[in-house]
Amino acid sequence: MNRFWDKIIKPILLKEQPKSIVEIGADYGFNTVRILEYCKWLHAKVYVVDPLPKFDVNAFQNLFGEHLEMVRLLSHDALPKIPEYDVVLIDGDHNWYTVYFELKAIEERSKTTGKFPIVFFHDVDWPYGRRDMYYDPKQIPAEYLKPYALKGMIPGQSELSVEGGINNNLYNAEYENGPKNGVLTAIEDFLQDSSLDLSFQKVVSENGLGVLYENDPEKDKYIRYVITSSGM
Ligand SMILES: C[S@@+](CC[C@H](N)C(=O)[O-])C[C@H]1O[C@@H](n2cnc3c(N)ncnc32)[C@H](O)[C@@H]1O
């Protein structure tokens, strides 16, 4: 996600000036620190949702104080606890079940706030646009869990690689495509099921970035302009 910060995410935040941001999936905090710098500068707050952050949370808390609230929960447990947010960055567990129900929770919150936030998604292209990955398969209900293995992936090949391939240290679904498989499929299914008037834009480089937002001609024009001029 952090590779999109300068060219796409930051210009959109500077235009929209959100006061409350949710980051799902922080890992080493490479993107978190950028969001926090924005928050400090523009008097905003970020809720960082990650059950296992790999950065020094106390050090970040000392540096950024009230601009940071660390939520050490899975996204499905965290989202209903966060009262309001204008932007969500989704880069947590890259599978259909997690992303579809994150969007359902965001939609549910929008019924009380009256606005649907701008949602950024990482990994809407290969390898996880059309293939599930599970950080912890035990967290996924059996009906949504695809057969999976600790094996890597090769572009253009549905079956996992016997040797090598990318992300061979992660639990990847054994096949690509098909129903309820992958991040992009989850977004498309959510859009089909939702009655909200939303727009979705997709960038294909760096494993893919998606941007989902309320349909508004001015916002649409600006987001399309930022994406086109990013050259990504
Ligand atoms: C790909 S990394 C995030 C990378 C980060 N956004 C960046 O740009 O550097 C995914 C992170 O999501 C966290 N994670 C996994 N499942 C999650 C879930 N269900 N809810 C929230 N975070 C989750 C993992 O602990 C991991 O730190």
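Author: Let us begin with a definition: two strands pair if DSSP finds at least two bridges between them. The model shown is predicted. In this model, strand S1 (residues 20-24) and S4 are joined by 4 bridges and run parallel.

Reader: Which residue of S4 is the bridge partner of Glu23?

Author: In general, the strands of a sheet pair through backbone hydrogen bonds, in either a parallel or an antiparallel manner. Here, Glu23 has Leu89 of S4 as its bridge partner. Leu89 also has a bridge partner in S5, namely Phe120.

Reader: How many bridges join S4 to strand S5 (residues 118-122)?

Author: There are 4 bridges between S4 and S5, and these strands run parallel. Within S5, Ile118 stands opposite Val87.

Reader: Which way do the residues of strand S4 (residues 87-90) point, and are they buried or exposed?

Author: Val87 and Leu89 point one way from S4, while Val88 and Ile90 point the other way. All of these residues are buried.

Reader: What is the order of the strands in the open sheet?

Author: The sheet has 7 strands, in the order S3-S2-S1-S4-S5-S10-S9, and its pairing is mixed. Strand S3 (68-71) and strand S9 (198-203) are the edge strands, each pairing on one side only. On average, neighbouring strands of this sheet are turned by 15° against each other, with direction ignored.

Reader: Which strands does H1 touch as it packs on the sheet?

Author: H1 touches S1, S4, S5, S9 and strand S10 (209-214), and its direction makes about 170° with that of S5. Helix H2 (residues 30-41) lies across S1, strand S2 (45-49), S3 and S4. The direction of H2 runs at about 175° to S1.

Reader: At what angle do helix H1 (residues 5-16) and helix H7 (residues 217-230) pack?

Author: Two packed helices are described by the angle between their axes and by the distance between those axes. For H1 and H7, the angle is about 150° and the axes are 9 Å apart. H1 is therefore roughly antiparallel to H7, since angles over 145 degrees count as such. The crossing of these two helices is right-handed.

Reader: Which residues make the contact of H1 and H7?

Author: From H1, the contact is made by Lys7, Ile8, Pro11, Ile12, Lys15 and Glu16. From H7, Glu218, Lys219, Tyr222, Ile223, Val226, Ile227 and Ser230 take part. By class, the residues of this contact comprise 7 nonpolar, 1 polar and 5 charged.

Reader: Let us turn to the backbone. What is the value of phi for Gln17?

Author: Phi of Gln17 is near 50°, which is a positive value in a residue other than glycine. Gln17 belongs to the loop between H1 and S1.

Reader: Why does Gln17 count as partly exposed?

Author: Gln17 is partly exposed because its relative accessible area is 38%, and the class covers values between 20% and 50%.

Reader: Where does Asn207 lie?

Author: Asn207 is in the loop between S9 and S10. Its phi is near 70°, again a positive value in a residue other than glycine. Asn207 counts as partly exposed, with 23% relative accessibility.

Reader: Which peptide bond is cis?

Author: The bond from Trp126 to Pro127 is cis, with omega near 10°. Pro127 is found in the loop between S5 and strand S6 (133-134).

How values were computed. Residues numbered from 1 in each chain as written. Predicted model: local features only at pLDDT ≥ 70, side-chain atom pairs only at ≥ 80, totals over all residues. Heavy atoms only, no water. Axes fitted to C-alpha atoms, helices over the stretch in contact; angles between N-to-C directions. Parallel < 35°, antiparallel > 145°, perpendicular 65-115°, else oblique. Left-handed = near helix turned anticlockwise from the far one by under 90°. Contact = heavy atoms within 4.5 Å. Nonpolar A, V, L, I, M, F, W, Y, C, P; charged D, E, K, R; others polar. Buried < 20%, exposed > 50% of the residue type's maximum accessible area, 1.4 Å probe, protein only.
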